[in-house]
Amino acid sequence: DPERYLTAVARTYYGDTSGNVAAAERALRDAHQVLRKAGVGDGSNFVFWVDPWTPEGQVQAAHVVPVARDVRLLAEEAIVRIARARAAGAIREPDALDAIELGARRMDFLAMKFQFADEAARIYTRLYAASRDTAQARTTPSADFDDVSGINGRLQDLRDGFSGLRDLYAAAWRREKRPYGLGNVTARYDLSAQRWIDRIDRMEAARRQWSRTGRLPAPADVGIVPAPPAALTADAVPDP
């Protein structure tokens, strides 16, 4: 029985009598189930790594974006529960608790990646349309652009997410494995962070063009791809 198993493992392995470890595991299980029902299989490495600003990524985004909020709330619930478990004295297997938290943070970021990429694309597309309108070209608030790329911009958050998870993943790896092979995984985090750094640079170039001319490059020119035809979004995600 899965419920009895969760309760027993939380007590005997983690030393948790507060119920928080089991609650964290349930939240992560439910987050995977939300993705499964949405049509992406679950929170697999494939969905985690796919770039949302590619045609393949847009196919997955059509499934993930509508449920991103629910997935993130469940993942964040797991993070909170792990913190409460530690505070309540569940310290028997701290490395394993760290691994659960890493899984929750990866799940949260998986959904955030699609959510923020979609929001950034929508904001930029709206700004581009306004820049084509002579009456609006120089009156659109620059704060809207900051939401795409700025100190707290969506693109910066995506860059920071990959960089932060890289360090957490590397730390978890070293606690239970030898260093061999780690670089092959951290390289993917580095590559993904660099991809968003490149897009930040393109957005800053677009901002300078906007400042000089009141016009923005087309969305495709800064890397934003159009949403796929509806029929493609029904395609199944390959097994990881």
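Helices in this tour are DSSP runs of at least four residues, numbered from the N terminus, and the structure on your screen is a predicted model.

Begin towards the end of the chain by selecting V222, which lies in the segment that comes after α9, the helix of residues 182-213. With a relative accessible area of 2%, V222 falls under the 20% cut-off and is therefore buried. If you show its surroundings and set aside residues up to four places away in sequence, you will find V222 touching W53, Y124, R202, M203, A206 and P217.

Next, move to helix α2 and select residues 20-38. The 19 residues of this helix, at 1.5 Å a residue, should span 27 Å, and because the C-alpha atoms at its ends are 27 Å apart, the expectation and the model agree. Colour the buried residues of α2, which are N20, V21, A22, A23, A24, A27, L28, A31, L35 and A38, and then display the helices that these buried residues pack against, namely α1 (2-12), α4 (55-64), α5 (68-87) and α6 (94-131).

Keep α2 in view and bring up α1 beside it. The two helices pack at an angle of about 135 degrees, with 8 Å between their axes, and that angle makes α1 oblique to α2. The crossing by which α1 passes α2 is right-handed. To see which side chains are involved, select E3, L6, T7 and A10 in α1 together with V21, A22, E25, R26 and R29 in α2, since these are the residues that meet. Sorted by class, the contact of α1 with α2 has four nonpolar, one polar and four charged residues.

For the last stop, select I91, which is found in the loop between α5 and α6. Is I91 buried or exposed? Its relative accessible area is 61%, which is over the 50% cut-off, so I91 is exposed. Leaving aside neighbours within four places in sequence, I91 is in contact with Y14 and R86. Finally, draw a line from I91 to V71: the two are 20 residues apart in sequence, and from C-alpha to C-alpha they are 27 Å apart in space.

Methods
Residues numbered from 1 in each chain as written. Predicted model: local features only at pLDDT ≥ 70, side-chain atom pairs only at ≥ 80, totals over all residues. Heavy atoms only, no water. Expected span 1.5 Å × (residues − 1). Buried < 20%, exposed > 50% of the residue type's maximum accessible area, 1.4 Å probe, protein only. Contact = heavy atoms within 4.5 Å. Axes fitted to C-alpha atoms, helices over the stretch in contact; angles between N-to-C directions. Parallel < 35°, antiparallel > 145°, perpendicular 65-115°, else oblique. Left-handed = near helix turned anticlockwise from the far one by under 90°. Nonpolar A, V, L, I, M, F, W, Y, C, P; charged D, E, K, R; others polar.
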